[in-house]
Amino acid sequence: MDIKPIKIRLKITGKCNKSCFFCHKEGGDNIDDFLLDDDFINCMNEFEKIGIKNVILTGGEPTLCPDFEKICQYLSKKFHVTVVTNGSIVKDWSKIQVNKITISIHSLNPEKMIKLENIKRTKSWAKKEIEKIKINITNIINSKKEARINLVVTDRESLKEAENLSHTGIEVRLLNNLNDIKNSQKIINNFIKEKKATKRYEYRRMSNHTAYYDGELKFSTKISYPFYFDAICKDCSFKKKCYEGFYGLRLEKRGGYYVRLCLYKNLIYPYKDFLKSRMKNDFLKLC
Ligand code: SF4
């Protein structure tokens, strides 16, 4: 069999200390925390056999998973490990065994940070969050690990934030807001023109287009576009409202481990069933 470098997103916890209005929570709610136990190890061994090389730890906020550091330590022996964190839980990243840290920072302005939350927050809460994020940025830089800042563009103010954050030396990636995809993409496209940025490199994955730009500012963009995986999307009545389409494999825990194939519908399969299915073969052909 042709083994390809493919990835899977592991939703290692459903818990999060933030409530950003645009968060899709990687699909389902009310899931269990992953544990570093035999079930998890067996499951990951099976994914390794089909050619998974990269794992992306998400949530919720993955650092809130009680086994977070043990899971990183275990996975990093077999896979390239990226963690996607909101950065508001201070960690010494030099001691955590991951290859790459992606920190999602959508604003370091207290008023805007409050606006981005779905629940009522105070200004003193926002200021404390910002302080923790700044400490984490320093810790990430000191760890000398590969890193990236993800910033969802909700308005033109986001671009000023992106410019300021790019002075940290960490690559800033502008993401479109899935709740207002057209407007967000328009703002990003105008920014590229205003900055007279030149595309250095680009690639397309199933449901997104990533491009790296040079110029007075170095940054990258990740723009979603709908990609439909026939095995699940062919007859889907939700297709017209589905912004991203199929994004890849996600793993979540509900007693046992399940593969999630869709963010919006409950298309989840016990991982062993998925790995025996034709869908798995169709998925591998896409990679
Ligand atoms: S909602 Fe799910 S099944 Fe339907 S088109 Fe989108 S990704 Fe495919």
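Trainee: Which residues touch the most other members of the largest nonpolar core?

Mentor: Keep in mind that this is a predicted model. The core has 55 residues, and Val55, Val81, Leu151 and Leu174 touch the most other members.

Trainee: What does leucine 151 touch?

Mentor: Leaving out residues up to four places away in sequence, leucine 151 touches Ile105, His106, Ser158, Glu161, Ala162, Leu165, Val172, Arg173, Leu174 and Leu175.

Trainee: Why is glutamate 46 called partly exposed?

Mentor: Glutamate 46 has 14 other C-beta atoms within 10 Å. Buried needs 20 or more and exposed needs 12 or fewer, so with 14 glutamate 46 is partly exposed. Glutamate 46 sits in helix H1 (residues 38–49) and touches Tyr271 and Leu275, not counting residues up to four places away in sequence.

Trainee: Which residues of helix H5 are buried, and how do you know that they are on the same side?

Mentor: In helix H5 (residues 157–166), the buried ones are Ser158, Leu159, Ala162 and Leu165. They cover an arc of only 120° around the axis, so they lie on the same side of H5. Lys160 and Asn164 are exposed on the other side.

Trainee: What do the buried residues of H5 pack against?

Mentor: They pack against strand E5 (146–153), strand E6 (171–176), helix H6 (181–194) and strand E9 (219–224).

Trainee: How do the residues of the shell around the ligand divide?

Mentor: The shell has nine nonpolar residues, one polar and two charged. Lys239 and Lys265 are among the residues around the ligand, and Lys counts as charged.

Notes:
Residues numbered from 1 in each chain as written. Predicted model: local features only at pLDDT ≥ 70, side-chain atom pairs only at ≥ 80, totals over all residues. Near = placed C-beta within 6 Å. Helix = DSSP H or I, 4+ residues; strand = E, 2+ residues; numbered from the N terminus. Arc of directions from axis to C-beta. Contact = placed C-beta atoms within 7 Å. Core = buried A, V, L, I, M, F, W, Y, C linked by C-beta atoms within 7 Å.
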